[in-house]
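Take a walk through this protein, one stop at a time. Keep the sequence at hand and find each residue as it comes up.

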Amino acid sequence: GDDIAAVIAEDEVAASRALKLIEVEYEEYPPVTDPLTAMKGTTPPVHEEKPDNILAQSNYELGKVDEALEASDVIVRGTYDTPIIQHCHIENPVSYAYMDKGRIVVVTSTQIPHIVKRVIGQALGIPWGKVRVIKPYIGGGFGNKQDVLYEPLNAFLTTQVGGRTVKLELTREETFCNTRTRHSIHYDLVMGVRKDGRILAKDMTAVSNQGAYAS
C-alpha cells in the first residue's frame with residue numbers, strides 16, 4: 001500500500017501507459033505475517049522506535065479473577081482467531097482535488113473529513129485553513145474509510161498542475177491490496193464456570209494485528 005510513484009495524465013489510457021514506463025528496484029525482506037512472531041522483534045524492525053513491533057499495551061481487571069477461577073467447578077481454556085476482513089463497500093475509495101482562490105479543495109469518499117483536512121495540512125506543510133474537504137454521501141465505509149488514504153497525495157498533485165482537477169480512483173483489486181482492513185485478532189481465553197452454568201471468571205489476552213502502520 002505504499003505510494004511509490006504518481007502520474008498525472010489527461011486520460012486513463014495515457015496514465016496507464018506512463019505507469020508502465022516507471023522502473024522500481026526493491027530490496028526484499030522476509031515477510032512476517034504472524035503478530036505473535038512479530039512481537040519477538042524483526043530484522044530490520046518495521047519502525048526503529050518500536051523494535052518489538054508492539055505499538056501499545058493495555059491491561060484492566062474487574063473483580064478478583066484468580067480467586068474466581070479457584071472457586072470454579074470447571075475451567076475451560078481455548079485459543080481463537082478472527083480473520084482479516086475487507087469491508088467491501090459498494091463505492092471504492094475515490095477523491096478529486098483542485099485549487100480555488102488559493103485553497104486546496106478535496107472532495108472525497110471518507111468518514112473522517114476533519115482528520116483528512118488536518119493530515120493534508122501536515123503532509124503539505126500548509127495551514128489547515130488553506131485546505132477545504134468536502135464529504136458527499138458515500139457508498140459505504142464501515143470503518144475502512146476512517147483512514148486518510150490518498151487524499152494528501154491528490155492534494156499535492158493538483159498543486160503540480162496549476163490547480164487543475166486531479167482525480168484518483170481505486171479499482172476493486174487496489175482497494176483489497178492497498179487500503180485498510182478490519183484487523184485480525186488472536187485470543188487466548190480462560191473461563192471459570194460453575195456446574196449450574198454460571199460464569200465466575202474470564203481471563204483473556206488479545207493480540208490485534210494492526211499491520212505495518214497500526215492503522
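P44 sits in the loop between α2 and α3 (65-70). Helices here are DSSP runs of H or I with at least four residues, strands are runs of E with at least two, and both are numbered from the N terminus. The peptide bond that leads from T43 into P44 is cis, with omega near -5°. This is a predicted model, in which local features need pLDDT of at least 70 and side-chain atom pairs count only at pLDDT 80 or more, while totals for chains, interfaces and linings use all residues. Residues are numbered from 1 along each chain as its sequence is written, and side-chain values use heavy atoms, with hydrogens and water left out.

The loop between α2 and α3 also holds N53. Phi of N53 is positive, near 60°, and N53 is not a glycine. N53 is partly exposed, at 26% relative accessibility. K101 is another residue with a positive phi, about 55°, that is not a glycine. Look for K101 in the loop between β2 and β3. K101 is exposed, with 84% relative accessibility.

Now turn to charges. Side chains of opposite charge can pair when their charged atoms come close. A salt bridge here is a side-chain nitrogen of Lys or Arg within 4 Å of a carboxyl oxygen of Asp or Glu. How many does a search of the whole structure find? It finds five salt bridges.

One of them joins K145 and E91, at 3.7 Å from N to O. K145 is in the loop between β4 (131-134) and α5 (151-159), and E91 is in the loop between β1 (74-82) and β2 (94-100), so the pair ties together parts that are 54 residues apart in sequence. Are the two partners buried or exposed? K145 is buried, with a relative accessible area of 1%. E91 is partly exposed, at 26%.

D147 and R180 make another salt bridge, with their closest N and O atoms 2.8 Å apart. D147 lies in the loop between β4 and α5, and R180 lies in the loop between α6 (172-178) and β6 (184-193), so this pair links parts 33 residues apart in sequence. D147 counts as buried at 16% relative accessibility. R180 is partly exposed at 26%.

K167 and E169 also meet in a salt bridge, at 3.3 Å from N to O. K167 is exposed, with a relative accessible area of 57%. E169 is partly exposed, at 49%.

A pocket is an open set of points on a 1 Å grid over the protein atoms alone, with protein on both sides within 12 Å along at least five of seven lines; a cavity is a set where a 1.4 Å probe fits but cannot get out, and lining residues have an atom within 4 Å of a point. The second largest pocket holds about 1,200 Å³ of space. It is lined by 35 residues, and A15, L19, K167, L168 and E169 are the closest to its centre. The elements that give two or more residues to this lining are α1, α5, β5 and α6.

Next, follow α5. Its buried residues include E151, P152, N154, A155, L157 and T158. The buried residues of α5 pack against β2, β3 (103-108), α4 (113-124) and β5 (166-169), where contact means heavy atoms within 4.5 Å. F156 is also in helix α5, but F156 is partly exposed at 39% relative accessibility. The C-alpha atoms of F156 and I120 are 8.6 Å apart, and the two residues are 36 residues apart along the chain.

The largest cavity has about 70 Å³ of space. Of its 13 lining residues, P93, V94, T108, L149 and E151 are the closest to its centre.

Finish at G125, in the loop between α4 and β4. G125 is exposed, with a relative accessible area of 63%. From G125 to A6 is 19 Å, C-alpha to C-alpha, across 119 residues of sequence.

Methods:
Buried means under 20% relative accessible area, exposed over 50%, partly exposed in between (1.4 Å probe, protein chains only). Grid points are joined across faces, edges and corners, and a volume is the space filled by probe spheres set on the points.
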